[in-house]
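Please walk me through this structure.

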Amino acid sequence: MSDAPSTRPLSPHLSIYKFRPTMVMSILHRITGGALYVGTLFFVWWLVAAASGPEAFSYASAFFGSIIGQMILFGYTWALLHHMFGGIRHLIWDTGHGLGKETSTLLAQATLVASLAVMLILWVGILIFG
């Protein structure tokens, strides 16, 4: 190997990119996809417990009724909604619309606002109406 400096350009680094809402939403879309995988395992556990009998179901229900369980359900709800709205954003892009800089930024912000708003509406409804 030579000790001579390379004339090849360096790969772009994150420090040269401006942090944009579309970048954040792309990262969050991937994270929520992973979170949905884990959350679905919890959902399957609850379904299997329901099919296994009253003792197993009461244990699973007690877990999801605990603070930790409620936090998991709260996060799962947001991940599900955020991933869904992100998928809708990608579907819009697939039609050739919303690809401009301003529109894509607006869609990224709308994804976050819509997922938070719908999640809060759902959870307030659950708390009020049981």
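Begin with Trp78. Setting aside its neighbours within four places in sequence, Trp78 is in contact with Leu28, Thr32, Leu112, Ser115, Leu116 and Met119. The model is a predicted one. The side chains of Trp78 and Ser115 are joined by a polar contact of 3.1 Å. Now look at Leu122. This residue is 44 residues from Trp78 along the chain, and the two C-alpha atoms are separated by 10 Å.

Where does Trp78 sit? Its place is in helix α3, which covers residues 67-94. This helix has 28 residues. From the first C-alpha to the last, α3 reaches 40 Å, close to the 40 Å expected at 1.5 Å a residue. After α3 comes Gly96, whose phi is positive, near 90 degrees.

Next, step back one residue. Thr77 also lies in helix α3. Is Thr77 buried or exposed? Thr77 has a relative accessible area of 16%. Buried means under 20%, so Thr77 counts as buried. The side chain of Thr77 reaches the backbone oxygen of Leu73 at 2.7 Å. Beyond its neighbours within four places in sequence, Thr77 is in contact with Met119, Leu122 and Trp123.

The buried residues of α3 are Gly69, Thr77, Trp78, Ala79, Leu81, His82, Phe85, Gly86, Arg89 and Trp93. What do they pack against? Their partners are α1 (21-52), α2 (54-65) and α4. An α-helix has 3.6 residues a turn, so residues three or four places apart point the same way.

Now turn to the pairing of α3 with helix α4, residues 101-129. Two packed helices are described by the angle between their axes and the distance between the axes. Here the axes come within 9 Å and cross at roughly 145 degrees. The crossing of α3 past α4 is right-handed.

Which residues meet there? From α3 they include Gln70, Leu73, Phe74, Thr77, Trp78, Leu81 and His82. By class, the contact of α3 with α4 has 16 nonpolar, 7 polar and 1 charged residues.

How values were computed:
Residues are numbered from 1 along each chain as its sequence is written. This is a predicted model: local features need pLDDT of at least 70, side-chain atom pairs count only at pLDDT 80 or more; totals for chains, interfaces and linings use all residues. Side-chain values use heavy atoms; hydrogens and water are left out. Helices (H or I, at least four residues) and strands (E, at least two) are DSSP runs, numbered from the N terminus. Contact means heavy atoms within 4.5 Å. A polar contact is a pair of N or O atoms within 3.5 Å; within protein, one must be able to donate a hydrogen and the other to accept it, and residues adjacent in sequence count only if both atoms are side-chain atoms. Axes are lines fitted to C-alpha atoms, for helices over the stretch in contact, and angles run from 0 to 180 degrees between N-to-C directions. A crossing is left-handed if the near helix is turned anticlockwise from the far one by less than a right angle, and right-handed if clockwise. Ala, Val, Leu, Ile, Met, Phe, Trp, Tyr, Cys and Pro count as nonpolar, Asp, Glu, Lys and Arg as charged, and the others, Gly among them, as polar. Buried means under 20% relative accessible area, exposed over 50%, partly exposed in between (1.4 Å probe, protein chains only). The expected span of a helix is 1.5 Å times one less than its number of residues.
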